[in-house]
Amino acid sequence: MIVLTRNANSPAALELAVQGAEIIKVTFDDGDPEDVATLKHALVGIDVVVNAIASSPVAASGMKVLVKAAVEAGVRVYFPSEFGA
(Lines give C-alpha, C1' and ligand atoms only; values in the text may rest on other atoms or scores of the structure.)
Protein backbone atom coordinates (compact mmCIF):
# COMPACT_ATOMS: atom_id res chain seq x y z
CA MET A 1 0.00 0.00 0.00
CA ILE A 2 1.19 3.50 -0.83
CA VAL A 3 -0.06 6.43 1.23
CA LEU A 4 0.25 9.95 -0.15
CA THR A 5 0.25 12.54 2.61
CA ARG A 6 1.15 16.15 3.29
CA ASN A 7 2.53 15.17 6.71
CA ALA A 8 4.65 12.02 6.68
CA ASN A 9 5.28 12.38 10.41
CA SER A 10 1.64 12.47 11.50
CA PRO A 11 0.56 9.75 13.95
CA ALA A 12 -1.74 8.25 11.29
CA ALA A 13 1.04 8.10 8.68
CA LEU A 14 3.51 6.62 11.15
CA GLU A 15 1.00 3.96 12.20
CA LEU A 16 0.40 3.01 8.57
CA ALA A 17 4.17 2.83 8.01
CA VAL A 18 4.48 0.42 10.95
CA GLN A 19 1.86 -1.74 9.23
CA GLY A 20 3.96 -1.81 6.06
CA ALA A 21 2.64 1.10 4.02
CA GLU A 22 5.03 3.15 1.93
CA ILE A 23 4.54 6.77 2.96
CA ILE A 24 5.18 9.44 0.31
CA LYS A 25 5.10 13.12 1.20
CA VAL A 26 3.46 15.35 -1.41
CA THR A 27 1.92 18.82 -1.27
CA PHE A 28 -0.63 18.31 -4.07
CA ASP A 29 0.52 21.67 -5.45
CA ASP A 30 -0.05 21.96 -9.22
CA GLY A 31 2.36 24.91 -9.25
CA ASP A 32 5.25 22.75 -8.02
CA PRO A 33 6.63 20.68 -10.94
CA GLU A 34 8.75 18.54 -8.61
CA ASP A 35 5.74 17.65 -6.47
CA VAL A 36 3.64 16.84 -9.54
CA ALA A 37 6.43 14.57 -10.82
CA THR A 38 6.69 12.84 -7.43
CA LEU A 39 2.95 12.25 -7.42
CA LYS A 40 2.93 10.80 -10.95
CA HIS A 41 5.92 8.58 -10.18
CA ALA A 42 4.24 7.30 -7.01
CA LEU A 43 1.14 6.27 -8.96
CA VAL A 44 2.87 4.36 -11.77
CA GLY A 45 1.84 0.72 -11.47
CA ILE A 46 -1.04 1.50 -9.10
CA ASP A 47 -4.42 0.10 -10.16
CA VAL A 48 -6.73 1.83 -7.65
CA VAL A 49 -6.64 5.28 -6.02
CA VAL A 50 -8.96 6.12 -3.14
CA ASN A 51 -9.11 9.88 -2.62
CA ALA A 52 -9.56 10.86 1.03
CA ILE A 53 -8.75 14.56 0.65
CA ALA A 54 -11.11 16.66 2.78
CA SER A 55 -12.97 19.58 1.24
CA SER A 56 -11.40 23.03 1.32
CA PRO A 57 -10.46 25.68 -1.25
CA VAL A 58 -6.84 24.47 -1.09
CA ALA A 59 -7.89 20.84 -1.50
CA ALA A 60 -9.80 21.54 -4.73
CA SER A 61 -6.59 22.19 -6.67
CA GLY A 62 -4.95 19.21 -4.95
CA MET A 63 -7.75 16.95 -6.16
CA LYS A 64 -7.21 18.17 -9.72
CA VAL A 65 -3.50 17.37 -9.44
CA LEU A 66 -4.27 13.91 -8.07
CA VAL A 67 -6.75 13.10 -10.84
CA LYS A 68 -4.40 14.34 -13.55
CA ALA A 69 -1.46 12.36 -12.12
CA ALA A 70 -3.64 9.25 -11.81
CA VAL A 71 -4.69 9.46 -15.46
CA GLU A 72 -1.14 10.09 -16.65
CA ALA A 73 0.20 7.21 -14.52
CA GLY A 74 -2.36 4.77 -15.94
CA VAL A 75 -4.41 4.22 -12.78
CA ARG A 76 -7.36 2.01 -13.71
CA VAL A 77 -9.89 2.93 -10.97
CA TYR A 78 -10.31 6.24 -9.14
CA PHE A 79 -12.67 6.67 -6.19
CA PRO A 80 -13.38 10.36 -5.61
CA SER A 81 -13.57 11.70 -2.09
CA GLU A 82 -17.03 11.86 -0.55
CA PHE A 83 -15.65 14.69 1.55
CA GLY A 84 -14.32 16.72 -1.39
CA ALA A 85 -15.82 19.59 -3.28
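This is a predicted model: local features need pLDDT of at least 70, side-chain atom pairs count only at pLDDT 80 or more; totals for chains, interfaces and linings use all residues.
**Reading a salt bridge, a loop and a phi angle**

Trainee: With which residue does the side chain of Glu72 form a salt bridge?

Mentor: The general idea is that side chains of opposite charge can pair when their charged atoms come close. In this structure the partner is Lys40, with 2.7 Å from N to O. The two residues are 32 apart and connect distant parts of the chain, Lys40 sitting in helix H2 and Glu72 in helix H3. Lys40 is also partly exposed, at 28% relative accessibility.

Trainee: How many salt bridges does the structure hold?

Mentor: One.

Trainee: How should I read phi at Phe28?

Mentor: Most residues other than glycine have a negative phi. Here Phe28, which is not glycine, has a positive phi near 60°. The residue belongs to the loop that runs between strand S2 (22-25) and helix H2 (33-43).

Trainee: Is Phe28 buried or exposed?

Mentor: Buried: the cut-off is under 20% relative accessible area, and Phe28 has 6%.

Trainee: Where is Arg76 found?

Mentor: Arg76 is in the loop joining helix H3 (57-73) to strand S4 (77-79). Exposed means over 50%, so Arg76, at 70% relative accessibility, qualifies.

Trainee: Which residues is Arg76 in contact with, leaving aside its neighbours within four places in sequence?

Mentor: Ile46 and Asp47. As for Ala42, it lies 34 residues from Arg76 along the chain, and their C-alpha atoms are 14 Å apart.

How values were computed
Residues are numbered from 1 along each chain as its sequence is written. Side-chain values use heavy atoms; hydrogens and water are left out. Helices (H or I, at least four residues) and strands (E, at least two) are DSSP runs, numbered from the N terminus. Buried means under 20% relative accessible area, exposed over 50%, partly exposed in between (1.4 Å probe, protein chains only). Contact means heavy atoms within 4.5 Å. A salt bridge is a side-chain nitrogen of Lys or Arg within 4 Å of a carboxyl oxygen of Asp or Glu.
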